Amino acid sequence: MRYLTFIPLLFLILATPLHATEYEGVYRAEVEVPNSGRTARAEGMQQAMAEVLLKAAGTSRVHDSSALVEATHSASRYVQQYRYHNEQNDGDSTTGERLMLSVRFDQNGIDGLLRKNGFTVWGTARPSALIWMGVEQKNRRVLVGANDGGFVRQRIEEEAKRRGLPVKLPLLDLKDRSRVQPGDVWGGFLDTIESASARYASQAILVGRLNKANSSTWEARWKI
């Protein structure tokens, strides 16, 4: 299933003058590895570096650069620190644990590599964004909240983390639901949404609508 992309969302944030706060995870990445051996560690560091390059530059074009792909083959040159830890599989104690490799890269080295190859560095100062996301499926419209157990919330948070975007979703508690309805998102009633967003103290408000275009494709539209 094709899903919403965060590329338009990222461009919206970058193109808008906003206050920013420090985002600490730009130069760190965590990947699953099969064991703690040298080969697995080298491959894990390559994968982790590719993720860090994406977050630092803010564009997936880094993965199309042959020079950057080549640089990831020597990822250990850019590593400041790494460690292993065990993590429960999907939070389920019955499915065992997986071994995770956490890697922190040298900021100056990563930034220099990106600039040398013609990429702009986004850096660690990034605006936090509150996302009001509406989903329409089978003629039913709903809002996605921070405590939802569905796939949409999970995918938003995964993609935000992958691109280094500090985002949050509304709680959709009684206070939120009394002020914002799905129709406000579809109708683009931004004054209503902005008023309800004040309690979250975010530096940007993003309003998205997710519709199923056909049996295998979803389409998203964003406003900021």
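## Confidence of the model

The mean pLDDT of the chain is 85, and 87% of its residues reach 70 or more; pLDDT is the predictor's confidence in each residue, from 0 to 100. The structure is a predicted model, in which local features need pLDDT of at least 70 and side-chain atom pairs count only at pLDDT 80 or more, while totals for chains, interfaces and linings use all residues. Residues are numbered from 1 along each chain as its sequence is written, and side-chain values use heavy atoms, with hydrogens and water left out.

Over residues 1-8, pLDDT stays under 50. It also stays under 50 over residues 13-18.

Three strands form an open sheet in the order 2-4-3, with antiparallel pairing. Strand 2 (28-33) and strand 3 (79-88) stand at the edges with a single partner strand each, so one side of each is left without a neighbour in the sheet. Strands here are DSSP runs (E, at least two residues), and helices are runs of H or I with at least four residues, both numbered from the N terminus.

Strand 2 pairs with strand 4 (residues 97-105) in the antiparallel sense over 6 bridges; pairing requires that DSSP finds at least two bridges between two strands. Ala29 stands opposite Val103 in strand 4.

## Helix 2

Helix 2 (residues 38-57) has 20 residues. Its buried residues (under 20% relative accessible area, with exposed over 50% and partly exposed in between, for a 1.4 Å probe and protein chains only) include Ala40, Met45, Val52 and Leu53. Just after helix 2, Gly58 takes a positive phi of about 75°.

Definitions and conventions: The expected span of a helix is 1.5 Å times one less than its number of residues. Contact means heavy atoms within 4.5 Å.
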